[in-house]
Amino acid sequence: MKKFTSIRVGGPADSLLFPKDVPELRKVVRYARKEHIPLLILGKGTNLIVRDKGIRGWVISLTQGMKKIQSRGDVIDAEAGVSLKRLVQFSIQRSLTG
């Protein structure tokens, strides 16, 4: 997991999954719940310290997919994989503030 946290420490995960979109994420979460598989949803890995023994169960990273961003008037819809930098740039290009 050290490759996926901002401070670059931590042991392995049992499985690391990268859903490409919301329907795929939904399928993974439903299956894990049905089978009682522990889940951890991971964004950019900031403010996260993984122990040396790692993480049991599935880690779902939203950083490879889930990057759609769109605006409707002064409202922005951004999926969880959108970086804060990209969200800010998107907002600036549309003169959105606040």
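Me: What should I know about the model before starting?
Reply: This is a predicted model, in which local features need pLDDT of at least 70 and side-chain atom pairs count only at pLDDT 80 or more, while totals for chains, interfaces and linings use all residues. Residues are numbered from 1 along each chain as its sequence is written, and side-chain values use heavy atoms, with hydrogens and water left out.

Me: In what order do the three strands of the open sheet lie?
Reply: Strands of a sheet pair through backbone hydrogen bonds, either parallel or antiparallel. Helices (H or I, at least four residues) and strands (E, at least two) are DSSP runs, numbered from the N terminus, and two strands pair if DSSP finds at least two bridges between them. Here the open sheet has the order 1-3-2, with parallel pairing. From one strand to the next the twist averages 25°. Between strand 1 and strand 3 there are four bridges, in the parallel sense; L17 has I60 in strand 3 as its bridge partner.

Me: Which strands does helix 1 touch?
Reply: Contact means heavy atoms within 4.5 Å. Axes are lines fitted to C-alpha atoms, for helices over the stretch in contact, and angles run from 0 to 180 degrees between N-to-C directions. Helix 1 packs on the sheet and touches strand 1, strand 2 and strand 3, its direction making about 160° with that of strand 3.

Me: How many bridges join strand 4 and strand 5?
Reply: Strand 4 (residues 69–72) and strand 5 (residues 75–78) are antiparallel, with four bridges. Q70 is bridged to D77 in strand 5. Two residues lie between the strands of this hairpin, where G73 takes a positive phi near 65°.

Me: How many aromatic pairs does a search of the whole structure find?
Reply: Rings of Phe, Tyr and Trp (its six-membered ring) pair if their centres lie within 6.5 Å; planes under 30 degrees apart count as stacked, over 60 as edge-to-face and the rest as tilted. The search finds two pairs. F4 and F18 have ring centres 5.8 Å apart and planes at 50°, so this pair is tilted. F4 is in the segment before strand 1 (13–17) and F18 in the loop between strand 1 and helix 1 (22–34), so the pair ties together parts 14 residues apart in sequence. Y31 and W58 form a stacked pair, at 5.9 Å centre to centre with 10° between the planes. Y31 belongs to helix 1 and W58 to strand 3 (residues 55–61), so parts 27 residues apart in sequence are tied together.

Me: Is W58 buried or exposed?
Reply: Buried means under 20% relative accessible area, exposed over 50%, partly exposed in between (1.4 Å probe, protein chains only). W58 counts as buried at 19%, whereas Y31 is partly exposed at 43%.

Me: What is S61 in contact with, leaving aside its neighbours within four places in sequence?
Reply: S61 is in strand 3 and is buried, at 1% relative accessible area. With those neighbours left aside, its contacts are L16, L17, F18, P19, L42 and G43.

Me: Where is S91 found?
Reply: S91 is in helix 2 (residues 84–93). At 14% relative accessibility, S91 counts as buried.
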